[in-house]
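Hi everyone, thanks for coming. Today I'd like to walk you through one structure, a bit at a time. Please have a look at it first.

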Amino acid sequence: MRVREMEEETERLKGLTGDETKSAENPKADPPRPLTTEEKREADKRSVYVGNVDYGGTARDLESHFSSCGSINRITILCDKFSGHPKGYAYIEFAEKSSVEAAIAMDESVFRGRTIKVQPKRTNMPGISTTDRGGFRGRPRGLRGNFQRGQRPRGRPYRGRGRTGQWNNLY
């Protein structure tokens with residue numbers, strides 16, 4: 001009797017997986033398309049940044065904490081790509097723009113023993129990066145020698161340390 005129940009269970013599970021593959025092979029189903037820049041900006045207007053999130057916090061915990069603000073479309077907790085550990089902040093996308101104001105009112109509330117920071121999500125501008133400092137950061141070398149911009153050798157040339165010569169002679 002027990003073996004028969006296990007066989008029925010496996011048949012039922014095989015039926016479920018078969019139905020899923022049939023729906024996945026359906027050519028009428030539209031594949032998800034990437035969002036346009038306008039749609040991304042619109043989603044950013046409905047999203048908030050949540051900082052100082054507890055590392056053990058889950059999306060369900062955040063959803064229950066912000067459920068009073070309105071319906072939530074998506075919760076993204078960012079993780080380190082090398083270790084997989086959470087970075088300590090998250091983004092929450094709401095269904096309506098009015099929910100963002102209610103969420104911002106929850107700034108400095110306590111979530112899992114930590115005071116969280118809630119701000120509206122900013123939209124990244126293409127071509128502007130906080131890490132791109134541009135230009136050469138070291139000493140320029142090349143045809144111009146070891147001189148900085150605007151500096152030219154005055155009088156005698158610099159011969160470097162440790163070289164003995166008539167200008168570096170201490171006696």
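Let's begin with open space: the largest pocket holds about 580 Å³. Of the 21 residues lining this largest pocket, D44, K121, R122, T123 and N124 are the closest to its centre. Two or more lining residues come from each of these elements: α2, β1, β2, β3 and β6 (117–120). Which element gives the largest share of the lining? That is α2, with 5 residues.

How is a pocket found? Rolling a probe the size of a water molecule over the atoms shows where empty space is left. On a 1 Å grid over the protein atoms alone, a pocket is an open set of points where a 1.4 Å probe fits, with protein on both sides within 12 Å along at least five of seven lines, and lining residues have an atom within 4 Å of a point. Grid points are joined across faces, edges and corners, and the volume is the space filled by probe spheres set on the points.

A word on where this comes from. The model is predicted, so local features need pLDDT of at least 70 and side-chain atom pairs count only at pLDDT 80 or more, while totals for chains, interfaces and linings use all residues. Residues are numbered from 1 along each chain as its sequence is written, and side-chain values use heavy atoms, with hydrogens and water left out.

Now the strands. Helices (H or I, at least four residues) and strands (E, at least two) are DSSP runs, numbered from the N terminus, and two strands pair if DSSP finds at least two bridges between them. Strand β3 (residues 86–94) pairs with β1 (residues 47–51) in the antiparallel sense, over 5 bridges. Here S47 stands opposite E93. Strand β3 also pairs with β2 (residues 72–79), again antiparallel, over 6 bridges, and there T76 faces Y91 as its opposite residue. Between β2 and β3 the hairpin has 6 residues, and G84 takes a positive phi near 85°.

Next, charges. How many salt bridges does the structure hold? There are 7, where a salt bridge is a side-chain nitrogen of Lys or Arg within 4 Å of a carboxyl oxygen of Asp or Glu. One of them joins R41 and E38, at 3.5 Å from N to O. Both residues sit in helix α2 (residues 37–45), 3 residues apart, about one turn of the helix. For accessibility, buried means under 20% relative accessible area, exposed over 50%, and partly exposed in between (1.4 Å probe, protein chains only). R41 is partly exposed at 40%, and E38 is exposed at 52%.

R46 is buried at 16%, and E93 is buried at 11%.

Another salt bridge links D61 and R112, with the closest N and O atoms 3.1 Å apart. D61 is in helix α3 (residues 59–65) and R112 in the loop between β4 (110–111) and β5 (114–115), so parts 51 residues apart in sequence are tied together. D61 is partly exposed at 27%, and R112 is partly exposed at 45%. Salt bridges with shared partners also join R46, R74 and E93 into one network.

Last, the rings. The whole structure has 3 aromatic pairs. One of them, Y89 with Y91, is edge-to-face, at 6.2 Å centre to centre and 85° between the planes. Rings of Phe, Tyr and Trp (its six-membered ring) pair if their centres lie within 6.5 Å, and planes under 30 degrees apart count as stacked, over 60 as edge-to-face and the rest as tilted. Y89 is partly exposed at 22%, and Y91 is partly exposed at 26%. Ring pairs link Y49, Y89 and Y91 into a cluster.
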